[in-house]
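Dear colleague,

Please find below the structure that I promised to hand over. My notes on it follow, and I would ask you to read them with the model open beside you.

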Amino acid sequence: MSRWPIFSRYADLVLLAILLALVPAFAAGSPYYLRLATLAVVYMGWTVAFNLIFGHTKQLFLCVGALAGLAAYVTAVLSQQLQLSPWITIPIGVAAAAGLGALFSYVSVLRGLGVIFVGIVTLAFSLIFQNLVLGLRQFTNGETGLVTRGLGFALLEHPLAAYYLFIVALTLALVVYSFVMGSRMGFAFRALSDDELTAELSGIDVTVCKVIAAALGSAIIGMGGTLYGFYNGIISPGLFSFANVDIPVLISLLLGGMRTRLGPVIGAAVFAVIEEFVRPFGQLNVLVDGLLLIVLFIAFREGLVVNVRKALGRTAMLWPTWLPALAPDDMSNARPSGKMSPRAE
Amino acid sequence: MTATLFDGIVQGLQLSLLAAGITLIYGLGGVLNLAHGQFAVLGGVAAKLLLDRGAHPMLAGISGIVAAGLFGLLVDRSLLLPAYRYRGEERLLLGLILTLGLSFVIDGYLNYVFSDFSLTLSLPIASVQIAGIPMRTAGLMTSLIAVMVFLALFAFLRWTLLGKTIRSIIENEVGAELCGIDPVRTRTIIVGLATMMAGLAGIAQGLFSSLGTEMGPGFTILGLLVAVVGGVRSINGALVAGVFLGIVNAFASRYIGAYVAFIILLATAMATILLRPSGLLARFT
């Protein structure tokens, strides 16, 4: 521990925020690259949330896109139909996503569903959402999409300002994530991702933990969805489809490393770069994606962060101890050991 | 009314074929095959290639099914090997990713090379009258084949030694291994068999209406839904769930409309999973 525990705990986040904030300087004023960077930040946020839900509490939510879309559509439709200010509609949209996520989690814990079953139920919900949006044409404008320009904050329509806003939102999500993982709840998450039954037996309320993780994760997903919807200027079912959101998020998480703080961010960044490289292949990019997915997984099965840690472990002396992101065994955001034991009450 | 029911059963049996394959691979290999629908498309593409070279439709269809099976064997002996090195949840996760990658590769390749592909097989007689109801021979024939395949599968699992070893591995892989059963060899056979069933479903689609290269993901998702509604470990369950969801879908699309029908289908699947988490026929394998 360094002399500044608060700084030490969040040093990697500060570093990350600075790095991301410098990106527009390298984009050299190209609106195309700025847009790519903004999209990458949105996906980073979704992956961080998915890490909380799937990585830490083992609930395979295959409805990241649908939850984000739900929040975006609820917000946009309310803003458009009732002429409400985004300060009111955004919280409603986020709450809708969080509530639905919590409901899925609660019902699946209640019915004792395994990983695959949760996956299929949420996948079915994703497809239902897509069809509902297509069917409720009078509100959502169907496949053509709903124009959100002018409904949200003016700030989100300025590309550079929007980019910085998304960085602030991502950093906020990461701070909330670190705070939760450093609290008693975080220890409970670690325990139940190791062995649910043992966790339950040692007095952890697994249901509450899972529902809170799902609600918090879904709220972050919803927040990303609404802001992204306003930023994009138009929302359509395709924007939030399973292939467009869930698959990239799943790949990014596994690529970066589950149950790590920076893994989702690094994974999403690497995925965005890969996508940009395969774009010239045109129609063959799906094939290249598939090959990369297979090769990367056979090579780095535990994710990039864990592999980097292992490589650095051999040269541990060279690594500054105050940078906790790459410290072994993800105790980086744990509290000092004195506070670990339950307080006598 | 009866015609709608018949339509539902025909479509349902086709879904059951896909779902039973997914169930078999999951039960035996512990891998949820996310590229299963793509095998169906692959079988159809192989059949079409032969058909274009002037082969008899029957021969082309059978070759398509065999081609899907052979590709399945190849995948099992190469791509899935890293997944088989692990057990339980590790294997499931790695298997999910590897088969997802495979589905991208197949989809990307087929959509690129055969961009305007469509397989339509037509039978000499288009429809017959049975008990006063006109029925399409294509539907009759595909359901007849599907029923025969299922009967053969059940007989195979119940009465042959290989079938018994397969059931024992589904029940407990370690236990079966201790009794001297080689799970690797059996697994390869089953993956071949399951992908052949997928190929058959693809050909059936070509008979019934037409098969396109973009239909793979749809097949996979429907197959997965049906397999899970059936309980992922039970073949009877997959059969019953397929027919059940097929009938629900046929009635909903006949009387309500396509968008709502699909929503009803998905909601029924969700409700079944929530009401009976271990599958429709939880007790029978």
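B:Val232 is in the loop between H10 and helix H11 (235–255) of chain B. Please keep in mind that this is a predicted model. Phi of B:Val232 is near 45°, a positive value in a residue that is not glycine. Most residues other than glycine have a negative phi. Is B:Val232 buried or exposed? B:Val232 has 22 other C-beta atoms within 10 Å, and because 20 or more count as buried, this residue is buried.

A:Asn141 has a positive phi of about 65° and is not a glycine. A:Asn141 sits in the loop between helix H6 (137–140) and strand S1 (146–147) of chain A. Around A:Asn141 there are 18 other C-beta atoms within 10 Å, so A:Asn141 is partly exposed.

Two packed helices are described by the angle between their axes and the distance between the axes. Helix H10 (residues 216–229) of chain B packs with helix H12 (residues 258–275) of chain B at an angle of about 30°, and their axes are 9 Å apart. Angles under 35 degrees count as roughly parallel, and H10(B) and H12(B) are therefore roughly parallel to each other. The crossing in which H10(B) passes H12(B) is left-handed. On the H10(B) side, the contact is made by B:Leu225, B:Val228 and B:Val229, and on the H12(B) side by B:Ala269, B:Thr272 and B:Ile273. By class, the residues of this contact are 5 nonpolar, 1 polar and no charged.

H10(B) also packs with helix H1 (residues 2–29) of chain B, at an angle of about 75° and with the axes 8 Å apart. That angle makes H1(B) roughly perpendicular to H10(B). From H1(B), the residues in the contact are B:Leu15, B:Ser16, B:Leu18, B:Ala19, B:Ile22 and B:Thr23, while H10(B) brings B:Phe219, B:Leu222, B:Gly223, B:Leu224, B:Val226 and B:Ala227. The contact of H1(B) with H10(B) has 9 nonpolar, 3 polar and no charged residues.

Elsewhere in chain B, B:Ser118 lies in the loop between helix H5 (88–113) and strand S1 (127–130). B:Ser118 has 14 C-beta neighbours inside 10 Å and therefore counts as partly exposed. Leaving aside residues up to four places away in sequence, B:Ser118 touches B:Ser210, B:Leu211 and B:Gly212. B:Ser118 and B:Phe219 are 101 residues apart along the chain, and their C-alpha atoms are separated by 16 Å.

The buried residues of H7(A) include A:Ala162, A:Phe166, A:Leu170 and A:Tyr177.

Finally, how many residues does each chain bring to the contact between the chains? Chain A gives 28 residues and chain B gives 30 residues. Helix H5 (115–135) and helix H13 (285–299) of chain A each supply at least two residues of the side of chain A that touches chain B. H5(A) gives the most to that side, with 11 residues. The residues on that side of chain A divide into 20 nonpolar, 5 polar and 3 charged.

Yours sincerely,
Your colleague

Definitions and conventions
Residues numbered from 1 in each chain as written. Chains lettered and ligands numbered in written order. Predicted model: local features only at pLDDT ≥ 70, side-chain atom pairs only at ≥ 80, totals over all residues. Contact = placed C-beta atoms within 7 Å. Helix = DSSP H or I, 4+ residues; strand = E, 2+ residues; numbered from the N terminus. Nonpolar A, V, L, I, M, F, W, Y, C, P; charged D, E, K, R; others polar. Buried ≥ 20, exposed ≤ 12 C-beta atoms within 10 Å, placed from the backbone. Axes fitted to C-alpha atoms, helices over the stretch in contact; angles between N-to-C directions. Parallel < 35°, antiparallel > 145°, perpendicular 65-115°, else oblique. Left-handed = near helix turned anticlockwise from the far one by under 90°.
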